[in-house]
Amino acid sequence: MFLKRVTPTSSSEMKTKPAYKCKTCKDSGIKGDGETHYQNIGVTGKRFCDQCEKGNKMFRDWFYLPEQQKQHQKFKQDKIARALRLSNLSPVYLKAKLEDLKNNKALEETCKLYLENWKKIKPLGLGYYFWGNVGAGKTYTAAILANELMKQHFVEVLFLKMPEAVARIKKSFGSDKKDSDKNLFEKMRDAEMLILDDLGIEKVSDWLADEIYQVVEHRYSNNLPMIITSNQSLDDLAKIYREQVSSRITEKTKSIKFTQKDKRQKLGEEIKQTLF
Ligand SMILES: Nc1ncnc2c1ncn2[C@@H]1O[C@H](COP(=O)(O)OP(=O)(O)OP(=O)(O)O)[C@@H](O)[C@H]1O
Ligand SMILES: [Mg+2]
Ligand SMILES: [Zn+2]
């Protein structure tokens with residue numbers, strides 16, 4: 001009996017036999033000899049190989065060095081500061097945080113889940129529709145989500161009180177200032193997260209109905225999330241704006257009815273009692 005000997009059939013097969021475990025970095029863990037800027041973490045350094053465990057480990061060892069961490073922290077703080085500046089959130093609401101919902105477990109839980117699942121929720125463009133009576137905490141809850149999204153996920157949030165936003169846009173008509181509010185509708189269409197506070201209390205002209213329809217339609221088709229607060233149910237909103245508006249909002253938001261009594265009365269009483 002003859003044993004078949006296994007031999008390379010051609011010399012080219014010999015050459016392609018992998019000499020390295022990682023072809024990209026030839027097991028050095030480094031790609032090329034230049035530096036690169038890691039945009040999403042804000043640090044600059046060697047171009048580590050992202051195709052093998054060695055490269056990944058070398059990157060981690062380098063990234064967790066104190067100097068890189070300092071740079072990364074600064075990058076995060078700058079991002080948050082910028083988001084807060086652009087958000088248009090008023091100072092009273094800038095302090096609103098998740099902890100403030102501890103007396104309302106159900107609401108706290110849904111907001112917590114929303115924030116935890118943000119990475120999955122964002123591409124679906126899902127948000128909230130908070131509605132109900134005056135002073136029940138709708139705006140405050142929307143502000144909590146705005147703050148936490150900015151701080152935890154560096155989301156660029158645009159927070160607008162409806163009547164005020166409309167007034168700002170009207171005022172900008174005829175103004176030729178570069179930074180006027182003429183393009184506020186455009187910003188509303190494109191913001192990473194749009195929060196519309198008090199939708200439905202503004203006076204709705206045909207012009208405004210058209211513009212709001214365009215904002216909602218653009219965000220709906222591009223899976224851009226919205227959080228809306230209103231005194232109106234979605235059915236009633238369909239009468240104020242159009243059914244096309246409320247139907248798109250219905251699909252893309254979780255509707256939560258706020259039924260708590262007007263918190264302002266109690267808060268106001270407490271402060272006045274202590275002063276006079
Ligand atoms: N969880 C909370 N912790 C602390 N303060 C809160 C909380 N929720 C609401 N408040 C306070 O209660 C008052 C009413 O809340 P908010 O402005 O959110 O009500 P609203 O539902 O938006 O009312 P409206 O329909 O009139 O706009 C505000 O002074 C707000 O700061
Ligand atoms: Mg409100
Ligand atoms: Zn490699």
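This is a predicted model: local features need pLDDT of at least 70, side-chain atom pairs count only at pLDDT 80 or more; totals for chains, interfaces and linings use all residues.
**Entry on the ligand**

I began with ligand 1 and looked up what lies around it, and I found 16 residues, of which the closest are Gly137, Lys138, Thr139, Tyr140 and Lys263. I then asked which elements give two or more residues to this shell, and I noted α7, spanning 138-153, and α13, spanning 263-275.

**Entry on the hairpin**

I turned next to strand β1, residues 30-38, and to strand β2, residues 43-48, which pair in the antiparallel sense over five bridges. Within this pairing I located Glu35, and I saw that Lys46 in β2 stands opposite. Four residues separate β1 from β2 in the hairpin that they form, and in the turn I picked out Gly42, whose phi is positive at about 75°. I also checked whether β1 is buried or in the open. Of its nine residues, the number buried is zero, so I recorded β1 as lying largely in the open.

**Entry on the helix pair**

Last, I looked up how helix α10, residues 206-221, is placed against helix α12, residues 243-252, and I found that their axes come within 9 Å and cross at roughly 30°.

Terms used
Residues are numbered from 1 along each chain as its sequence is written. Chains are lettered from A and ligands numbered from 1 in the order in which they are written. A residue is near a molecule or strand if its C-beta atom, placed from the backbone, lies within 6 Å of it. A residue is buried if 20 or more other C-beta atoms lie within 10 Å of its own, exposed if 12 or fewer, and partly exposed in between; C-beta atoms are placed from the backbone. Two strands pair if DSSP finds at least two bridges between them. Axes are lines fitted to C-alpha atoms, for helices over the stretch in contact, and angles run from 0 to 180 degrees between N-to-C directions.
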